[in-house]
Amino acid sequence: MPGGGLHVEIDVLSAFFLLPVFGLSALTGLYGRSYLEDGEPGTASSWLHLNLLTAAMALVVVARNGLLFLLAWEIMALAPFFLVIFDDRRESTRHAAWIYLAATHLGTAFLLVMFVLLANLAGTSDFGGYAAVLRANPTLSSVVFLLALIGFGSKAGIVPAHVWLPEAHPAAPSHASALMSGAMIKVGIYALLRMLTLLGTPPPWWGWVLLAAGAASGVLGVLYALAQHDLKRLLAYHSVENIGIILIGIGIGVLGLAYGNPTLVALGFAAGLLHVVNHSIFKGLLFLGAGSVQHAAHTVELEELGGLLKRMPWTGACFLLGSAAIVGLPPLNGFISEFLLIYSGYVALLLPTMAAAAAGLITLVAMGLIGGLAAACFAKAFGIVFLGAPRSSEAEHAQESGQPMLASMVILAVLCVVIGIVGPLVVSALTAVVAAASGLPVTEIAAALNPASGSLAVAIALFTALVVLSALFWAAREWRLARAGVRRAPVWGCGFGRPTARMQYTASSFSQPLVTQFRLLIANREAVLTPDGYFPAAASYASDSGDPFLRLLFAPTFRWFRRLASRLNVIQHGHIHVYVLYVAATLIALLAWASL
Amino acid sequence: MTPGYAIDAMLIVAIAGALLCLAARPRQVLAMAIAVSAVELGLAASLWVTVLAKSHVTAADDLFFVDAFSTFHLVVLCLVFLLCSLFAWDYFVDGGEFTLAVGTARRFGALWLGSFAAMMLVLVSNNLGIMWVGMEATTLLTAFLISLHPDRLSLEAMWKYLLICSVGIAFAFVGTIFTAASVQEGLGADALLWTRLAAPEARLDPTLMTFAFVFVLVGYGTKAGLAPIHSWLPDAHSQAPAPVSAMFSGFLLNTALYCILRYVPLVRRALGSGFADHLLVFFGALSILVGAGFIVFQRDAKRLLAYSSVEHLGIIALGYGLGPLGSFAALFHTLNHSLSKSLAFFAVGRLGQRYGTHDMGTLSGALRTDRVWGLGLLGSLLALIGAAPFAIFMSEYQLLRAAAREGAWLVLVLFLAAGAVVFITALRQLIDMAFGDAHSSMPKARNASSSILLVVGVIGLLLFLGLWMPPWLGDAIGRAADAAGARL
Amino acid sequence: MTPPHLFAPVSALLLAPLFVGVINRTKAFVAGRRGPPLAQPYRDVWKLLQRGAVYGEITTPLVRLGPVLNLATLITALLVVPFPGAGAAVSFTGDLIVLVGLFALGRFATVLAALDTGSSFEGMGASREMHFAALAEPALLIALATLARITGATDLGSIYGAITTASWVHDAAALALVGVSFLVLELVENSRIPVDDPTTHLELTMIHEVMVLDHGGPDLGFIQYGVALKLWIVGILLVGIIPLYGVGAEFALGAALLGMAALAVAIGMIESAMARYRLVTVPQFIVGAATLSAVAFMVLLV
Amino acid sequence: MSAMPALLALIHAVGLLTCFALLGTSRIGACIRFLSVQGMLFSLVPIIAHDDGFTLRVLLLAGANICLKGVIFPAVLLHLRARAGFHREVEPFVGFVASILFGIAALVVSLALARELHPALSHAPFVMLQAAIFLIAIGLFLIVSRRNALIQIVGYLVIENGIFVLGAITVVETPLLVELGILLDAFVAVFVMGIAVFHISREFGMADVDRLNTLRG
């Protein structure tokens, strides 16, 4: 191939990231088999591009040559385009596809600069060569770090480069969204980590940048998610949030490297990496669940759904587990990684260096806020979709999805539980990967991780106690009720006799208090028609949460460019005399310049 | 046969074909075009092999001279003509109201092969005067190809093309004269022989070479469509029949650029490397920016492609201005651009025939109504806006590397910015053209296997070159790049 | 230590309802009534456990899971909460994270149970609960963080074990601030006045009560017992930062119990003295608490 | 050849006059005739300028030039004027007085430029160098400032003349083939442009090219 060898290599880090790539590809493939009706136009090509995406992701992860990496990266960027535009009859879908490809191309521009810079200084496009130059030249490393953060961050979905996620994920078929959100954006994280391994010892401010980016993405992501009433958009924004969490972890780890504190390094990277896997599990699960909902009720508009748990118990159960996991509730896998992260926060707190302590505090605040808001968001998502009474006839007549779809969801759900239960083992299993990512010796990492896994072991014991207790109470209650008797009755409606499904609390109203409180950040447009008079004719509340960054930053910039460019029109006015004059003028100008 | 005759043969075959066309029936004309360009491609290939073996070939007592640089262009030229002729068959034979009357067909054939011959003359001539003659000839011959179906718009476009380019070419001749005059010791009648001028012992007067290059740059630059003297280009491209537009963008512009490039080594020798390179970089960057700017608000598909040609010619010029690595990238880019741009014009032309317009608002849902050419449109435009893994991505990457190596960071950033603007805006149009809603009235197209072959072949080639450059090709382009810098 | 480690959980299980009783009795006393006997909460729970249950028509098993899980999480949480002078039953690095996690789990279960009924009242309650909890969680984390920074320990047992008069001498300001924010959290987490009025009868103004509106029988019993336990737990976290070892380890237990009683009375006083905030001002109340802890932390850093 | 400079001076003077006449007149016919005069005049330059004198080659080229520029081109253009049916030029973009003023300015500039260039082209007669630059300038000006397609062709041919002169005086000797090629090109160019103008005038009913501005953007 032009200008580069075909150098591939699998080390622990690559192998680690290959897990979600291949695992999720297999499961989504299984799911998609029955999700897509055959004979529907574009089905075949969607399979082609799904596999192309998998292959490209794998190639990116194992590539050790700049040009090869770039090629694989671009294929990985192009393949999903055709997945996003699958349902191409809808204008919104085409728009989403455009946003997606435009965003990823802008990211690539930065990567091009980075790789060109490196290739010229190193004289080779081999990663080894890069490392050699970078270690020697700190300024260069800082430049490369920033370029990499922007370039790879746009793929991972770091605010404000996240704008494509909430457009692309809802548009794509659900299993494709699952793969993109579960695996593809993680490849962005992988690339960032890979660059970090080449960059040499980081100055503290890298850690701070990562931490800040992570905190921003995490908090804003979950806030925007709260404002959504389209299930898949909501999930997309949660991907932004979780990428934020991962980045916080990496940021802590980098700070640890900068301050020479192995414990921080180990905990930070471990938390980030473990969350990579966890997120790909439960986010994959949730997207598949959303797919089943769409398949059954033909919509993912929250206000149209409800009461699906009775109609699709398996899907509901899996979705519930997924929600609990992503919120970070014990004893599921989400809790393990967030435990590590908060734990590292506390470790940082106790450090004498003021900066480190501040970083610890920031981590705690961010994680606390994210945790609470995420809980609110998924209480809403699950509660509105699966509980209560159906809000539309489609939801009324929803059917449970077929075996293959259930199978892949159940597998993922089980994984959520299992990783949670064997958390300590998982943490100590991470040692090698963390060592590879951080460049510290394995023994140090292991030493730093041991207490954490120890604590987790105790925690797990507590959770078993919890489970036993709940079982106990449940049994007791049932035993009691068996004699005291159970009645069913309509719920309390303040005396109103005939409650209907439309009278239930809606998604918008559920999140309205929080949305209003953070309206400054969410900046979503509300159209409120408040009831007035004794017999109000109509009252309505509609909220449109188009992405603020897209609406207030990128779209205006784009329009400005258009206006600027259309000014050029004046030179192409169609008068041949003046065209000839251009030729003459250019000639004279050049002659003048040359004779100077 | 000795290679020298290959050159003569190429010219003779083309001219003979042109003359024969004057007495042929339409289908014969189109068949003739295909046959001739196929033969020429063969000859060019054989010539290429010999040149790669023995660095250069001369014929007709030094009147003709080809080195790796010109043979590379020859091969691309023949390739483009072959593709265009193949497409012309589709376009004219079952093109509805586009089918040719006998007179028109003969005129088309004669002019088509005539301009083919003229371009070859430009590429093979060693005498700068003859090169100029050939260039002027292409202008005069292609003028009536634009208004093959004369109507107001095509006549307007044709007149603009004719007048502006003639004036430009006239300036180029002034440049040629200055070059000849700048030879201090009298080479006598050989004062216009490139081989003599480029020879190490030739001493050229700096002042005159300065003026000469300025005139040449402006003169041939007008024909090559460098901004800001590209004004004729969008009109001509949008009004000409699709095969002609494809040939214009596919190679006519490159021929003009080739002429400029022939002067660059002379200027380098006379004035050191700075002067010419800076001018190339400047005009290249300017063309990129202007092209990108105009692409942003285009409505007409063919005009969009025309401005994209301005941009890409700018890229190529920029490359030549950026040292050996840049020249390599520029040459590779020439090949990629010619292939993808021709295909793009084919697709737009065919779809235009079906939709009866080139307005991108109306021209939507191509993939639904016409899978083959819809695919062609999608593939070629994706390639043109620089999406990987198409070959253009690779040549642009190499260009960036060249820019970085020269330390031209400003240019690099401008290039990337313009590229991003083009990508984003053109993609918006492309998505609706390819995937949008089609008129329900539009019947599904049934395409000849030849056109399927054309589309798949070209896209395949672009993908192949994007993923893997065969060593021999890389070597050949490298040799061409050296020849371009007269590092013989 | 002299007293067995199980002292903390056992005492909580036994005394938590009494804590509620004291609060109610105080309120009654201030209002000039005799008020219910101190043992009333025990009776209520016992009575409820005897009852049968009524479930909404469209509910799923989730509605039954909520109270059970909530109670279970709180009892589990008891195991990591140290009792001054007795320490915690279980104590390990990062147990405070587990504590927060358990609270979150219990809350999540309760909220889902509420949403399961499909009643708009319970939806409203759930929404508010989640809203305030989302703000309370960071507040709790920061408060604990400040304590950790002061004591240099990362498990509740050692943190509370290490708070001595000496640390008060050093970081009086910080500890005081943390104390205040704990008090606020005590009121918020358990929806007491001025955040929420557990005794109101107007659904639209309720938070916690309206969320459990449609629970009855044993479930309600579980819930009320849970409320008592949670009051106790946060109360312990508050009382624990008072350096009771100052009076000597042997008196610590008694002193702590006295402290709890005092806290109960204080809460009663507050409930009698203050009016309920309007819902929109509640978030500011909580954020204020979080800010206090954050300020405390800053005080430590500089 | 002592008469040479004098002759050149004469040609130069008359040539300049023809230019000013072209700038000043509004009648297309007149323009064409002035052009033919100018063409014939400057065709003589190579004979005089080359001090190696009357070689057959030079004579032959000069003859070809004279009959081409003096006879054929005017004929073609006049015929075209008759066919296209327009006799006077409508008011041009730049008025005739202004055009004359431009001519004077161009004269000055060309003198300066010639002075600039002359050292590099020492063997070329100064007056002719200046004339060449002047002709090119005037030709350009005609193309830019006139509405009528025919006059634009005239302008193009004036440029052609200028270039011819430049070539004749600077390049010592160019191969016959090249010369002929160049002539042929000029010849074809005029015909092609003629046909184009013919089509245009038939399509649009006139040859005022300022109406040709539909294609823009």
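Between chains A and C, 65 residues of chain A are in contact with 68 residues of chain C, contact being defined as C-beta atoms, placed from the backbone, within 7 Å of each other. This is a predicted model, in which local features need pLDDT of at least 70 and side-chain atom pairs count only at pLDDT 80 or more, while totals for chains, interfaces and linings use all residues. Residues are numbered from 1 along each chain as its sequence is written, and chains are lettered from A and ligands numbered from 1 in the order in which they are written.

On the chain A side, the elements that give two or more residues include helix 13 (313-327), helix 14 (333-349), helix 15 (354-386), helix 20 (442-484) and strand 1 (486-489). Helices here are DSSP runs of H or I with at least four residues, and strands are runs of E with at least two, numbered from the N terminus. Helix 15 of chain A gives the most, 16 residues. By type, this side of chain A holds 48 nonpolar, 12 polar and 5 charged residues. Nonpolar covers Ala, Val, Leu, Ile, Met, Phe, Trp, Tyr, Cys and Pro; charged covers Asp, Glu, Lys and Arg; the others, Gly among them, are polar.

Strand 1 of chain A also pairs with strand 1 (residues 53-56) of chain C, in the parallel sense and over 4 bridges; pairing requires at least two bridges found by DSSP. Arg488(A) stands opposite Tyr55(C) in strand 1 of chain C.

Within chain B, the domain assignment gives domain 1 (1-126), domain 2 (147-270) and domain 3 (273-488), with bounds from an automatic or database assignment. In chain B, 18 residues of domain 1 are in contact with 21 residues of domain 3. Helix 3 (residues 68-93) of chain B supplies the largest share of the domain 1 side, 12 residues.

Conventions:
Contact = placed C-beta atoms within 7 Å.
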